[in-house]
Amino acid sequence: MGELSDIFTQGQRSRLFPVLADTSKEGRTLSIFLACLENVEEFGTAMLSSLGQRVGTRARIETYTEIVLKKGGERKHRPDGLIVLRAGSKRWMALVEAKVGNTDLTAEQVYTYLDLAKLNGIDTVLTISNQFAPLPTHHPVHLPASSRRKAELFHWSWMFVLTQASLLLSNDQVTDRDQRIILNEMVRFITHPSAGVKGFDQMPPHWSDVVGKVQAGARVLANSEDAKEVVGAWYQEVRDLNLILSRQLAIEVTTRIPRAHAADPAARLKAGTVELAQDHRLSATFIVPAAAAPMDICADLQKRSVVISMKLRAPDERKSTKARVSWLLRQLQRTENNNNIHVRLFWPGRTAHTQHPLVALRENVDLAVADRPGQQVLSFEVLLVKDLGAKFGQRRNFISELEAAVPEFYEQIGQHLKAWQAPAPRLRENKADPSSVTAEAIREEAEQEVQ
């Protein structure tokens with residue numbers, strides 16, 4: 001323990017091959033993860049940077065398990081681990097509490113760890129579980145803002161851990177061969193059922209009731225516990241979808257979150273419950289790097305459908321609506337004839353949008369022209385609409401259908417779309433000579449205009 005004797009009285013360095021009882025799933029999974037965090041340079045740097053910690057070339061990460069803190073170690077709750085980051089004379093520390101399987105974190109536990117962190121001069125409490133949070137600074141357990149004054153509080157889901165490791169491996173970012181092998185073995189371990197790591201696989205118990213209320217025309221109150229539970233679960237599923245797409249595309253996909261909501265999880269939850277109560281919808285926007293546009297996802301409780309869409313500006317240099325629609329259709333040549341795919345057209349002023357199945361526009365592009373004769377379409381929205389029927393209200397089926405629809409949309413539509421870009425301006429023939437744009441030349445041109 002060395003100089004850390006001021007922090008804990010008992011503790012073991014994290015092991016890649018922990019000697020623990022078969023019943024200690026959490027201890028075994030956490031020890032292997034922390035050992036990789038410490039020994040795989042790029043992995044440690046990526047993970048700690050999500051907590052706002054810069055790991056320089058001279059920094060050193062140390063990780064410990066089975067710790068007993070010097071102050072407050074007699075308490076019922078004891079943290080599972082400790083991360084120490086040293087950079088010169090500076091030392092940053094994080095208590096770690098991990099859960100696997102179906103075991104969730106509780107407010108009582110998190111409160112206790114924040115108290116212990118403050119008591120022992122530890123900077124941060126980090127929790128890891130199968131629960132999802134949109135950002136590490138948000139937490140799946142709802143806590144008052146005052147509780148964070150004791151220490152910083154962060155959360156990682158195990159799927160976030162897996163995704164970060166997978167991205168490093170997929171993009172060949174781990175340069176040392178031995179470290180790459182270690183990280184790959186961690187991925188193999190975490191993805192095995194015995195590790196207790198899983199994605200978000202079902203909506204909460206009140207999901208079916210809330211969907212039923214909307215279908216029956218009953219009110220859903222924004223401040224009700226049912227609404228908060230449903231919106232909180234939706235945010236967890238959105239985060240899981242982010243991570244699924246990230247692993248599929250080998251690039252980090254994020255959720256667009258307003259700055260005010262990123263700084264205040266409670267404000268984000270309130271906005272979601274208001275949308276649910278007023279519009280009977282749950283929505284999210286995904287940002288895929290280099291994609292033509294953000295990808296919008298909407299779960300409509302009234303229609304029991306899921307809609308995934310992307311919106312593109314029409315090309316200005318094409319003057320007719322037919323030419324503009326043809327520009328879009330050429331991008332979707334590889335898209336299968338699917339009756340669930342539609343194209344929405346937006347027109348000038350307050351004119352209502354129009355919509356056609358992609359199949360119909362392929363057969364007759366003049367349908368779009370007939371909508372608004374003499375007008376130019378300004379933008380397009382390509383939509384995949386999935387009518388789930390009874391499956392929408394079923395806790396597991398809703399998730400499985402949604403997690404199939406989003407990658408389907410990206411494969412069939414998203415990856416083929418390209419945003420229109422205005423061509424670079426060209427030199428006019430009469431201005432090619434630099435002498436044609438001198439002050440004297442401009443004055444002579446102006447005088448000719450007057451005459």
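Author: In what follows, Ala, Val, Leu, Ile, Met, Phe, Trp, Tyr, Cys and Pro count as nonpolar, Asp, Glu, Lys and Arg as charged, and the others, Gly among them, as polar. The model discussed here is a predicted one.

Reader: With those classes in mind, how many residues of the lining of the second largest pocket are charged?

Author: The second largest pocket, with a volume of about 320 Å³, is lined by 16 residues, and Arg 281, Cys 298, Val 307, Arg 344 and Leu 383 are the ones that lie nearest its centre. Arg counts as charged, whereas Cys, Val and Leu count as nonpolar. Taken over its whole lining, the second largest pocket has 6 nonpolar residues and 4 polar ones, and the number of charged residues is 6.

Reader: Which strand gives the most to the lining of the second largest pocket?

Author: At least two lining residues come from each of strand 8 (281-287), strand 9 (295-300), strand 10 (305-313) and strand 13 (379-387). The one that gives the most to this lining, with 4 residues, is strand 9.

Reader: Which helix gives the most to the lining of the largest pocket?

Author: The largest pocket holds about 1100 Å³ of space, and among its 41 lining residues Pro 140, Val 141, His 142, Gly 232 and Gln 236 lie nearest its centre. The lining as a whole divides into 19 nonpolar, 12 polar and 10 charged residues. Helix 7 (225-249), helix 8 (259-263) and helix 9 (265-279) each supply at least two of the lining residues, and the one that gives the most, with 7 residues, is helix 7.

Reader: What is the volume of the largest cavity?

Author: When cavities of 30 Å³ or more are counted, the total comes to 1. The largest cavity is lined by Ala 133, Leu 135, Pro 136, His 155, Trp 156, Ser 157, Phe 160 and Arg 239, which divide into 5 nonpolar, 2 polar and 1 charged. The largest share of this lining, 3 residues, comes from strand 6 (residues 152-157). The volume of the largest cavity is about 60 Å³.

Reader: Which residue is linked with Glu 62 and Arg 86 in a network of salt bridges?

Author: A search of the whole structure finds 18 salt bridges, and the one between Glu 62 and Arg 86 is among the links of a network. The residue that joins Glu 62 and Arg 86 in this network is Arg 60.

Reader: How far apart are the closest N and O atoms of Glu 185 and Arg 188?

Author: Glu 185 and Arg 188 are separated by about one helical turn, because they stand 3 residues apart in helix 5 (residues 177-190). Glu 185 counts as partly exposed at 39% relative accessibility, while Arg 188 counts as exposed at 52%. These two residues form a salt bridge, and the distance between their closest N and O atoms is 3.1 Å.

Note on methods. Residues numbered from 1 in each chain as written. Predicted model: local features only at pLDDT ≥ 70, side-chain atom pairs only at ≥ 80, totals over all residues. Heavy atoms only, no water. 1 Å grid on protein atoms, 1.4 Å probe; cavity = no way out; pocket = protein on both sides within 12 Å on 5 of 7 lines; lining within 4 Å. Points joined across faces, edges and corners; volume = space filled by probe spheres on them. Salt bridge = Lys/Arg side-chain N within 4 Å of Asp/Glu carboxyl O. Buried < 20%, exposed > 50% of the residue type's maximum accessible area, 1.4 Å probe, protein only.
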